[in-house]
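Here is a brisk report on one protein model. Look at the sequence and the structure first, then read on.

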Amino acid sequence: MHPVTLEGVTYSYGSGELRRAVLRDVSLTVAEGEIVLLTGPSGSGKTTLLTLIGALRAMQQGSARVLGRELQGASEAARVALRRRIGFIFQAHNLLGFLSARQNVAMALETEAKLPERQRLAEADRMLAAVGLAEHLHKAPGQLSGGQRQRVAVARALVASPGLVLADEPTAALDKASGQEVVRQLRDLARSRGVAILLVTHDPRILDIADRVVSMEDGRIVSANRPAEGPAA
Ligand SMILES: Nc1ncnc2c1ncn2[C@@H]1O[C@H](COP(=O)(O)OP(=O)(O)OP(=O)(O)O)[C@@H](O)[C@H]1O
């Protein structure tokens with residue numbers, strides 16, 4: 001079964017005369033280990049779709065099966081449980097400034113089965129080494145570059161072995177080289193673990209890293225293609 005299967009998802013904000021559909025009949029699947037980039041003009045509904053899949057808001061119409069769970073009609077408790085199995089990465093990395101890199105990553109393991117702190121920190125260190133930050137375990141986010149901070153966010157999203165990673169504009173604040181490096185690392189780690197990634201981006205510089213690029217316009221999916229021909233990324 002695919003980590004994400006959406007069928008006929010329609011979603012509106014507002015009520016009465018102000019009610020407006022921002023997603024219209026969206027169907028989409030993301031396979032295990034696949035990285036799908038979601039792109040499209042501002043306001044086309046990308047973030048709304050990501051928050052529905054992430055169980056951060058309740059469904060209205062349609063069906064969304066995420067990591068084996070149907071979200072249509074799911075209780076708040078079921079959504080909270082599902083969120084724990086998803087890794088989230090945001091534009092503003094959302095790291096805690098007063099914690100070190102390893103403490104920020106280890107935090108993602110706190111909701112998991114009661115691992116002793118030593119073990120959580122050891123797993124955080126392993127994950128940080130995998131994103132090339134073995135030398136920076138004890139630094140606070142403020143002592144790291146933008147790209148390094150986002151790599152900490154990647155480590156944090158992956159450390160609890162999620163089945164799915166959802167990322168919203170993770171490279172927006174980065175220069176080209178660091179943006180590509182962050183997404184490449186995310187892709188390689190996810191692929192080797194069979195984790196699916198859905199990544200919202202305006203950043204044309206990272207499109208060739210995807211297995212598939214899905215474009216949205218006005219709440220609909222208008223195309224879903226392999227990225228432009230070129231050297232395999
Ligand atoms: N909480 C909300 N209440 C009302 N309208 C909203 C809300 N959130 C988003 N919208 C509207 O829904 C539409 C889709 O927004 P969404 O953020 O999903 O688009 P997006 O494609 O992610 O845009 P961007 O690329 O600018 O982040 C926009 O017109 C936005 O103004």
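Within what distance do the axes of helix α5 and helix α6 come, and at what angle do they cross? The axes of α5 (residues 146-158) and α6 (residues 176-193) come within 9 Å and cross at roughly 15°. That makes α5 roughly parallel to α6, where roughly parallel means an angle under 35 degrees. Axes are lines fitted to C-alpha atoms, for helices over the stretch in contact, and angles run from 0 to 180 degrees between N-to-C directions. Helices (H or I, at least four residues) and strands (E, at least two) are DSSP runs, numbered from the N terminus.

This is a predicted model: local features need pLDDT of at least 70, side-chain atom pairs count only at pLDDT 80 or more, and totals for chains, interfaces and linings use all residues. Residues are numbered from 1 along each chain as its sequence is written.

**The helix pair**

From α5, the residues G146, G147, Q150, R151, V154 and L158 meet S178, E181, V182, Q185, L186 and L189 of α6. Contact here means C-beta atoms, placed from the backbone, within 7 Å. By class, the contact of α5 with α6 has five nonpolar, five polar and two charged residues. Ala, Val, Leu, Ile, Met, Phe, Trp, Tyr, Cys and Pro count as nonpolar, Asp, Glu, Lys and Arg as charged, and the others, Gly among them, as polar.

**The ligand shell**

Which residues surround the ligand? They are Y13, G14, V22, G40, S42, G43, S44, G45, K46, T47 and T48. The shell has two nonpolar, eight polar and one charged residues. Helix α1 (residues 46-53) gives the most to this shell, with three residues. α1 also lies across β3 (35-39), β7 (164-168), β8 (196-200) and β9. The helix runs at about 150° to β8.

Four strands form an open antiparallel sheet in the order β2-β1-β4-β5. Its edge strands are β2 (20-30) and β5 (69-70), and each pairs on one side only. Two strands pair if DSSP finds at least two bridges between them.

Six strands form another open sheet, in the order β6-β7-β8-β3-β9-β10, with mixed pairing. Here the edge strands are β6 (86-90) and β10 (220-225). Neighbouring strands of this sheet are turned by 20° against each other on average, direction ignored.

| Strands | Bridges | Sense |
|---|---|---|
| β1 (residues 4-13) and β4 (residues 61-66) | five bridges | antiparallel |
| β1 and β2 | seven bridges | antiparallel |
| β9 (residues 212-217) and β10 | five bridges | antiparallel |

Some partners can be named. V4 has V66 in β4 as its bridge partner. Y11 stands opposite L23 in β2. E217 has R220 in β10 as its bridge partner.

The hairpin of β1 and β2 has six residues between the strands. There, G14 takes a positive phi near 80°. G14 is also one of the residues around the ligand.

Note on methods:
Parallel < 35°, antiparallel > 145°, perpendicular 65-115°, else oblique. Contact = placed C-beta atoms within 7 Å. Near = placed C-beta within 6 Å.
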